[in-house]
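Here is a briefing on one protein chain. Look over the sequence and the model, then read on by topic.

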Amino acid sequence: MQVQQAQTSFRDKVATADKEGKRIWLFPTKPKGKLYNARTLLSILYLLVFFTMPFIKVEGHPVFLMNVLERKFILFGQIFWPQDFFIFGLGMVVFIVFIALFTVVFGRVFCGWACPQTIFMEMVFRKIEYLIEGDGARQKLLAKQPWNTDKIIKKFSKWTIFWIVSFLIANTFLAYVIGIDELKTIITEPISKHVGGFVGIAIFTSIFFFVYSWFREQVCTVVCPYGRMQGVLLDKNSMVISYDYVRGERRGKFKKNAERDLGDCIDCNQCVKVCPTGIDIRNGTQMDCTNCTACIDACDAMMKAVGFETGLIRFASENNISKKEPTRFTGRMRAYSGVMVLLLGVLVYLLASRTDVGISVLRTPGQLYQELPGGVLSNLYNYKLLNKTYADKQLEFRPENFKGEITLVGEEKLLVPKEEYLSGSMFIKIPQAQVKERKTQLKIGVYEDGQKIATIKTSFLGPFSGI
């Protein structure tokens, strides 16, 4: 009867909503086991990196900064400007392909082990909740009981700590956007001087508090598109958290010292109780599953308790379970890997060939050539230089494929301040005898301390001589 009922309700509803569409609040049991311990250690490392990275500096600058307001980005000490945006674009393509490849092979394990939402929810806020309100069963009883002194103290203690942690996360997040020094200034100086900064901190704190105190698993099951994307990417060879239905069915309660003619699943529902998204993994791979492995730990503990072999729930592919096939590196996996290697190669090349100075030299719009004494022609150009480094640079323009003169307007030297632009005008003067066409292609060498760092191409406008 239980099996028939399970089949008729097989994945026909969302675990966090009832028939009327109202939310079902989840009270997952605290996981225990070696996989949960491994996730905890990995999360501690992640949190240490997250909270300390804004304080790490290279040559007085943050090692990581995403300053959208000033269009300034620093990755591992290297400054990237809007001119380098195509590298970011390619990097995002590489990341998406990597996610696709990773999902094809390993399913949604990223969500359970590395996603910031899961790490903060399960390894920070959920642990605080367990500490104050107790395990899932105690939390459920506390939610149902009337508002008395005990409930008020526990709820407000939890919400206060949640708000403090959200405030810390918001400040750290903002440090990645504006830098730790600017954040310190906002915090230490009067609010009247940094109204926008304080509003930003308040908004981010409120968002984080809302997500982790109320919205919770809905981020993974409703908002995040990755769960839906995995339905397209997974196949029968993908390694995901799976219930071995061949071994486990038919389900039935365990009876000590009784001969068992059922499957190994004792229908204890521990895998459901520990699930942070409320699903029953025995119903197969589902969009809501974040591959957090809590069900594996819970099932293994029960299997050991009754003397059965562990691994009833484990990382496995559909073919591993149904056909007992070993994991195979399929053609689909090879194709994704090939694309990934190609894109990584292009990305590495672009990063390696990226120059420290952005250079633009263009003829001044609307200006014709000028005829100077001695049979010399002159064109007016606008130049723009961007110093992408942390040190001032003194540059020099030199003719490459022509004999002529380059004269700066209003400047004696090209001194480009660190992390700044320098723009101006210059004349290129060439003997008329060298100008054979209406537009002559010129090459200009850009030098720093006698070493050529770039070659710029532009055109020189001369008299029309086509008749």
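**Trp-214 and the chain as a whole**

Trp-214 sits in helix α9, which spans residues 195-215. The model is a predicted one. The chain holds 16 helices and 16 strands. Its radius of gyration is 32 Å, well over the 23 Å that the globule rule gives for 467 residues, so the chain is more spread out than a compact globule.

**Around Trp-214**

- Trp-214 is partly exposed: its relative accessible area is 43%, and partly exposed covers the range between under 20% for buried and over 50% for exposed.
- Beyond its neighbours within four places in sequence, Trp-214 is in contact with Arg-23, Trp-25 and Phe-209.
- Glu-325 is 111 residues from Trp-214 in sequence. In space, the C-alpha atoms of Trp-214 and Glu-325 are 43 Å apart.

**Overall dimensions, surface and charge**

- Along the principal axes, the C-alpha atoms of the chain fill a box of roughly 110 × 60 × 40 Å.
- Of the 467 residues, 44% count as buried.
- Among contacts with a separation of 6 or more, 68% join residues 24 or more positions apart.
- The chain carries 59 positive and 42 negative charges.

**Nonpolar cores**

- Which residues have the most contacts inside the largest nonpolar core? They are Val-361, Leu-385, Phe-397, Met-426 and Ile-428, in a core of 25 residues.
- Strands that each supply at least two residues of this core include β8 (357-363), β10 (376-387), β11 (393-399) and β12 (405-408). Also among them are β13 (414-416), β14 (421-431), β15 (439-448) and β16 (451-461).
- Val-361 touches Tyr-381, Asn-382, Tyr-383 and Phe-397, among others, with residues up to four places away in sequence not counted. Met-426, Ile-444, Ile-456 and Thr-458 are also among the residues that Val-361 touches.
- A second, separate core has 20 residues. Val-124, Ile-132, Tyr-176 and Tyr-212 are among them.

**Backbone exceptions**

- Most residues other than glycine have a negative phi, and most peptide bonds are trans.
- Where is the peptide bond that is cis, with omega near 0°? The bond runs from Glu-249 to Arg-250.
- Arg-250 is in the loop between α12 (245-248) and α13 (270-273).
- Lys-324 is not a glycine, yet its phi is positive, at about 60°. The residue lies in the loop between α15 and α16.
- Lys-324 counts as exposed, at 54% relative accessibility.
- Asp-449, also a residue other than glycine, has a positive phi near 55°. Its place is the loop between β15 and β16.
- Is Asp-449 buried or exposed? Asp-449 counts as exposed, with a relative accessibility of 69%.

**Loop residues and their distances**

- Pro-326 is in the loop between α15 (318-322) and α16 (331-353).
- The relative accessible area of Pro-326 is 61%, and the residue is exposed; the cut-off for exposed is over 50%.
- Pro-326 and Gly-404 are 78 residues apart along the chain. Their C-alpha atoms are separated by 71 Å.
- Glu-59 is in the loop between β1 (57-58) and β2 (61-62). At 64% relative accessibility, this residue counts as exposed.
- Glu-59 and Ala-175 are 116 residues apart in sequence. From C-alpha to C-alpha, the two are 18 Å apart in space.
- Cys-275 lies in the loop between α13 and α14 (294-306).
- Why does Cys-275 count as buried? Its relative accessibility is 12%, and buried means under 20%.
- The C-alpha atoms of Cys-275 and Ala-294 are separated by 6.4 Å. Along the chain, Cys-275 and Ala-294 are 19 residues apart.

Methods: Residues are numbered from 1 along each chain as its sequence is written. This is a predicted model: local features need pLDDT of at least 70, side-chain atom pairs count only at pLDDT 80 or more; totals for chains, interfaces and linings use all residues. Side-chain values use heavy atoms; hydrogens and water are left out. Helices (H or I, at least four residues) and strands (E, at least two) are DSSP runs, numbered from the N terminus. The radius of gyration is taken over C-alpha atoms; the globule rule is 2.2 Å times the number of residues to the power 0.38. Buried means under 20% relative accessible area, exposed over 50%, partly exposed in between (1.4 Å probe, protein chains only). Contact means heavy atoms within 4.5 Å. Lys and Arg count as positive and Asp and Glu as negative; His and the chain ends are not counted. The place of a charge is taken as NZ of Lys, CZ of Arg, CG of Asp or CD of Glu. A nonpolar core is a set of buried Ala, Val, Leu, Ile, Met, Phe, Trp, Tyr and Cys residues joined through side-chain atoms within 4.5 Å.
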